[in-house]
Amino acid sequence: MMPADIPPAIHERVVCSIGAAAKYGVPANIILAVAQREGGKPGQWVRNTNATYDVGAMQFNTSYIRTLARYGIGTNDVAKAGCYSYDLAAWRLRGHIKNDAGDIWTRVANYHSRTPRHNTPYRAAIMVNARQWGNWISARFHTYDTLTVANSRTIAAVQNAPVTEAPVKAAKPMPNASPVRVASVPTRNIMRAAEKPLRASPASSPIRVAFEPPAYVPRSISVE
């Protein structure tokens with residue numbers, strides 16, 4: 001169970017950020033800091049001065065989304081509610097941490113912009129938010145592999161994470177996976193019992209999966 005002191009308004013943000021951190025090997029407090037800084041909401045479109053839009057909870061820029069078309073990812077995918085946009089953000093942050101130049105915080109701030117005059121203030125804000133979320137996580141969860149900014153293993157750990165592809169969307173059910181329906185042909189002169197209405201089998205009910213956070217939250221990188 002998640003801690004009870006999470007305000008309902010950001011419950012999805014916290015749950016999805018921690019889940020995404022576990023999947024993609026990115027420090028949990030970094031994802032939470034970026035999510036807080038972006039401050040978006042599902043379905044939200046924010047127009048920029050360059051005529052692009054920032055979309056959804058993690059405020060993906062439409063110019064960036066166009067580069068994801070090869071994965072079958074579009075604006076509707078990042079705009080909708082749920083954890084998918086956080087997974088995609090974690091995958092993108094992992095790419096910045098692994099491939100970009102500069103210290104860890106400059107790399108993270110590339111999520112917002114690589115242009116120094118935009119990157120620098122975003123970097124400073126992320127460091128403050130990451131410190132706050134790091135303290136919050138440490139007070140509520142068992143954490144593992146807590147690293148310092150100065151430690152080169154921070155980047156190495158992300159590089160060694162197994163995920164190399166963008167999050168995939170949920171697959172659509174295949175037609176041949178549907179239950180087989182067999183037509184019944186009545187036989188003459190045979191009395192048929194009255195049909196009783198079918199009751200739904202418990203096994204056919206939709207499966208609901210409750211989020212259970214990992215026993216150990218991914219490393220929370222310290223700001224020192």
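1. Tyr 53 has a relative accessibility of 28% and therefore counts as partly exposed, a class that lies between buried (under 20% relative accessible area) and exposed (over 50%), computed with a 1.4 Å probe on protein chains only. The model is predicted, so local features need pLDDT of at least 70 and side-chain atom pairs count only at pLDDT 80 or more, while totals for chains, interfaces and linings use all residues. Residues are numbered from 1 along each chain as its sequence is written, and side-chain values use heavy atoms, with hydrogens and water left out.

2. Rings of Phe, Tyr and Trp (its six-membered ring) pair if their centres lie within 6.5 Å, and planes under 30 degrees apart count as stacked, over 60 as edge-to-face and the rest as tilted; by this rule there are five aromatic pairs. One of them joins Trp 45 and Tyr 53, whose centres are 5.7 Å apart and whose planes stand at 70°, so the pair is edge-to-face. Trp 45, at 42% relative accessibility, is partly exposed.

3. Tyr 71 and Trp 91 also form an edge-to-face pair, with 5.8 Å from centre to centre and 80° between the planes. Tyr 71 is partly exposed at 34% relative accessibility, whereas Trp 91 is buried, with a relative accessible area of 14%.

4. Ring pairs also link Phe 60, Tyr 64 and Tyr 111 into a cluster. The charged end of Arg 92 sits over the ring of Tyr 64, 4.0 Å from its centre, and over the ring of Tyr 111, 4.4 Å from its centre; the rule requires NZ of Lys or CZ of Arg within 6 Å of the ring centre and within 35 degrees of the ring normal.
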